[in-house]
Amino acid sequence: MTVSVPRFDAINFDHVTADMRAAYERDGILVLENMVTGEACQQLMDRMAAMVDAFDVNEHKTFFSSADQSHAKDDYFMSSGSEVRFFFEEDAFNEKGDLIKPKELSLNKAGHAMHDRDPVFDSFSRQKNFQTLANGLGLTDPLLLQSMYIFKQPNIGGEVFCHQDATYLWTEPQTCIGFWVALEDATLENGCLQGIPGLHTEPLPRSLFRRTDGNASETIVFDDSPWPEEKRVPLEVKRGSVLAFSGQFPHLSAPNRSDKSRHAYTIHLIDREAEYPDFNWLQRKEGDPAKGFKPAESSLDT
Ligand code: FE2
């Protein structure tokens, strides 16, 4: 029984070693410590703080504030594939539709295209190390499909139930890989990621969340057997660590009941060669396809 997964010091990362690749293939997750500098984490956090500051809650209030707005909420989410949108914690609003706490302490996440809409997020997401990592884990032509900034607020940061990301980002064959970057220290107290190693080799994700008519959606469950909780490992990591995991790696996080936030940034990649069916909830706008990493700088030939 696996009780832990290996950790690799990635302070001088320049390629995926055979040991890293073996760990990823066995466990479905690779833990890379010190891959991103604290300065780079802070720069991303500062940029997000400025974006939140500029965000006018009142302009979007109709989407969030009451249960009878579920259609509007669905539309706001389902059409966010090419946008930067903000999603609030449940119970962030009172019955009058006003935020109970300041907006920066009420947000659950932002998504889903900061990597294409904002220059700071673009260069962070397309850093050379991430391209090397994506290629080293088997993506020959990686596309950056989705980005999310997860706030996991102090005291109220909500629980995320056990799931596989490929349920939400489906390709044929399965190629989704997530990079989860700890922008702050992630501990059991503030709701670090936890996961179940070794299940990523099942033939398919256990469920599929798909778009039906317009912005409606449904979840199809192929296998409802319980996750083997006894194999769950906590993934406590320091700021600057990167967790790279298969779209079929089951993971979850407990609520944050502590007084410390636990900001994290994720990007999800797929291989351009794989089919990305139209039933995926995340669809890019017409004329705005998902893009890869920056091409290598060409040599100056005259
Ligand atoms: Fe996830």
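User: How do I read a salt bridge, for instance the one between arginine 26 and aspartate 27?

Analyst: Start with the general idea: side chains of opposite charge can pair when their charged atoms come close. In this predicted model, the side chains of arginine 26 and aspartate 27 meet with N and O 3.1 Å apart. Aspartate 27 is buried, because its relative accessible area is 3%, under the 20% cut-off.

User: How many salt bridges does a search of the whole structure find?

Analyst: The search gives 18 of them. One joins arginine 117 to aspartate 288, with 3.0 Å from N to O. Arginine 117 sits in helix H5 and aspartate 288 in the segment after strand E14, 171 residues apart. Arginine 117 is partly exposed at 38% relative accessibility, while aspartate 288 is buried at 11%. Both belong to a network of salt bridges that also includes Asp116, Asp122 and Arg126.

User: And what does the salt bridge between lysine 238 and aspartate 185 tie together?

Analyst: The closest N and O atoms of lysine 238 and aspartate 185 are 3.8 Å apart. Lysine 238 lies in the loop between E11 and E12, and aspartate 185 in the loop between E7 and E8, so the pair ties together parts 53 residues apart in sequence. Lysine 238 is exposed at 56%; aspartate 185, at 36%, is partly exposed.

User: Now strands. Which strands pair with E2, and in which sense, parallel or antiparallel?

Analyst: A general idea for strands: in a regular strand the side chains alternate between the two faces of the sheet. Here, E1 and E2 pair in the parallel sense over three bridges, with phenylalanine 8 opposite leucine 32. E2 and E12 run antiparallel, joined by four bridges, and valine 31 stands opposite leucine 243. Four of the five residues of E2 are buried, so this strand is largely enclosed by the rest of the structure. E1, helix H1 and E2 also make a right-handed β-α-β unit.

User: Which protein atoms are the donors of the iron ion?

Analyst: For metals in general, ideal angles are 109.5 degrees for four tetrahedral donors, and 90 or 180 degrees for six octahedral ones. In this model the protein donors are NE2 of His163, OD of Asp165 and NE2 of His251, lying 2.1 to 2.2 Å from the iron ion. Along the chain they follow the spacing H-x1-D-x85-H. Histidine 163 is buried at 16% relative accessible area, and aspartate 165 is buried at 9%.

Key:
Residues are numbered from 1 along each chain as its sequence is written. This is a predicted model: local features need pLDDT of at least 70, side-chain atom pairs count only at pLDDT 80 or more; totals for chains, interfaces and linings use all residues. Side-chain values use heavy atoms; hydrogens and water are left out. Buried means under 20% relative accessible area, exposed over 50%, partly exposed in between (1.4 Å probe, protein chains only). Helices (H or I, at least four residues) and strands (E, at least two) are DSSP runs, numbered from the N terminus. Two strands pair if DSSP finds at least two bridges between them. A crossover is right-handed if, with the strands pointing away from the viewer, the path from the first strand over the helix to the second runs clockwise. Donors are N, O and S atoms within 2.8 Å of the metal (3.2 Å for Na, K and Ca); water is not among the atoms, so sites may look incomplete. A salt bridge is a side-chain nitrogen of Lys or Arg within 4 Å of a carboxyl oxygen of Asp or Glu.
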